[in-house]
Structure formats: C-alpha cells, structure tokens
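Here is a friendly walk through one protein model, going from a single loop residue out to the overall fold. Please keep the structure open as you read.

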Amino acid sequence: MDLVYPAEYRDYRDHQFFLLSLLVGMGTGNSDWYARWRKKELAERRRRILRNHFKEVLQGLQTAVRAGYSMEQGVTECRREMERLFGNGDDLVRELRYMESQMQVGVPVEQLFWNLGQRSGVEEIRNFGDIFLIARRSGGNLGKILGNLAEVLGEKIRVTGEIQVAIAGKKLEQ
C-alpha cells in the first residue's frame, strides 16, 4: 500500500536529502561540486548577456554602415553607443574598446570579429565572425548582411526566451 505524503512533508524530505547528500559529499572530498556548478552557471549567464548585447552591437553597426561609415568607424561609433546603454564595465564594451586599439595598430576588423567569435563561446558571434570575414574579403554588401544577421539573431533570441519560459512553466507545474 502506497502512502500519500502531503506536499510540505515531501518538500521537507527533499531538503533533508539535499542536506544529507551535501554533508556526504563534503566528507568524501567532493565538496567542490558547488564551485564547479556555480562557475558553470556564471559562465552561461555571461554568455547569455553577451549574446543579447551583441544583438544591439549588430544593430548599431548596421546603422553606422548604412549611414556611410566604414566598418572601422562603425566600431568606434557603436562602442560609444554601447557605453551609454550598458556602461564602461560591460564585457562587450571592453571588447569594442580592445578592437579599436587593435585597429589602430593595423589589425583588420574582420579578423578581430572572427577572434571575438572564437573566444566568446557564443554561437551567434562565432557565426557573425565567419560570415563577416567571408563577406569582407569577397566584397559583399555589409549593410544588408548586418541587417539580415541582426534580424535573424533577434528572432533566435526571442524564440530561445520563449522556450526558456515554457520550460520554467513546466517545471513549476511539477
């Protein structure tokens, strides 16, 4: 015969199990699991913020290129705009500042975006770096490419957000 426990008791039991497993983990030398988990969570949060801010950067670059700026000048204008939006301490603002300094010593802007894509761990930035490198070398229409990328990236971020909301709702139902 199955016993039915009230929800409060089941939740209390779950917390007891969590505390017990935490103590056992500490006793066996596996206490650094929380540090690893926390580090992973912070890295994922940072990538999510970077992805969302990069969408704004793409839109800023698109506006600058369509206004007649070169891509190099667009990076400078975009950095100024992102500083106003996100502040000086934002990861992407610091990256744009780094790009400006590298462009002053002759590093091509397409190489800088490609490097950012490789280092960021964000698929959208990596894709942009690849596409921009190819488009720049083959002479593509940068304004149109940036517009399409910003639109696709915005849609992808919106859909991902909706999926996360649906998953969170299902978790709360259980």
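## A valine in a loop

Not counting residues up to four places away in sequence, valine 107 touches Gln102 and Leu112, where contact means heavy atoms within 4.5 Å. Valine 107 has its place in the loop between helix 4 and helix 5. Helices (H or I, at least four residues) and strands (E, at least two) are DSSP runs, numbered from the N terminus. With a relative accessible area of 24%, valine 107 is partly exposed; buried means under 20% relative accessible area, exposed over 50%, and partly exposed in between, using a 1.4 Å probe and protein chains only.

A word on the model itself: it is predicted, so local features need pLDDT of at least 70 and side-chain atom pairs count only at pLDDT 80 or more, while totals for chains, interfaces and linings use all residues. Residues are numbered from 1 along each chain as its sequence is written, and side-chain values use heavy atoms, with hydrogens and water left out.

## Helix 4 against helix 5

The axes of helix 4 and helix 5 come within 10 Å and cross at roughly 145°. Axes here are lines fitted to C-alpha atoms, for helices over the stretch in contact, and angles run from 0 to 180 degrees between N-to-C directions.

On the helix 4 side, Leu92, Glu95, Tyr98, Met99, Gln102 and Met103 take part, meeting Val109, Leu112, Phe113, Leu116 and Arg119 of helix 5. These residues divide into eight nonpolar, one polar and two charged. In this count Ala, Val, Leu, Ile, Met, Phe, Trp, Tyr, Cys and Pro are nonpolar, Asp, Glu, Lys and Arg are charged, and the others, Gly among them, are polar.

## The nonpolar core

The largest nonpolar core has 30 residues, and Phe54, Met71, Phe113 and Phe128 have the most contacts inside it. Two or more residues come from each of helix 2 (33–66), helix 3 (71–86), helix 4 (91–104), helix 5 (109–120), helix 6 (123–138) and helix 7 (142–173). Such a core is a set of buried Ala, Val, Leu, Ile, Met, Phe, Trp, Tyr and Cys residues joined through side-chain atoms within 4.5 Å.

Leaving aside neighbours within four places in sequence, methionine 71 is in contact with Leu61, Val65, Val109, Phe113, Phe128, Phe132, Arg136 and Leu146. Cysteine 78 is found in helix 3 and counts as buried, at 1% relative accessibility. Beyond residues up to four places away, cysteine 78 touches Val57, Gly60, Leu61 and Leu96.

## Helix 6

Glu124, Ile125, Phe128, Gly129, Phe132, Leu133 and Ala135 are buried in helix 6. Their cover includes helix 2, helix 3, helix 5 and helix 7. Just after helix 6, glycine 139 takes a positive phi of about 80°.

## The whole protein

The protein has seven helices and zero strands. Of its 174 residues, 29% are buried. Among contacts between residues at least 6 apart in sequence, 56% join residues at least 24 apart.
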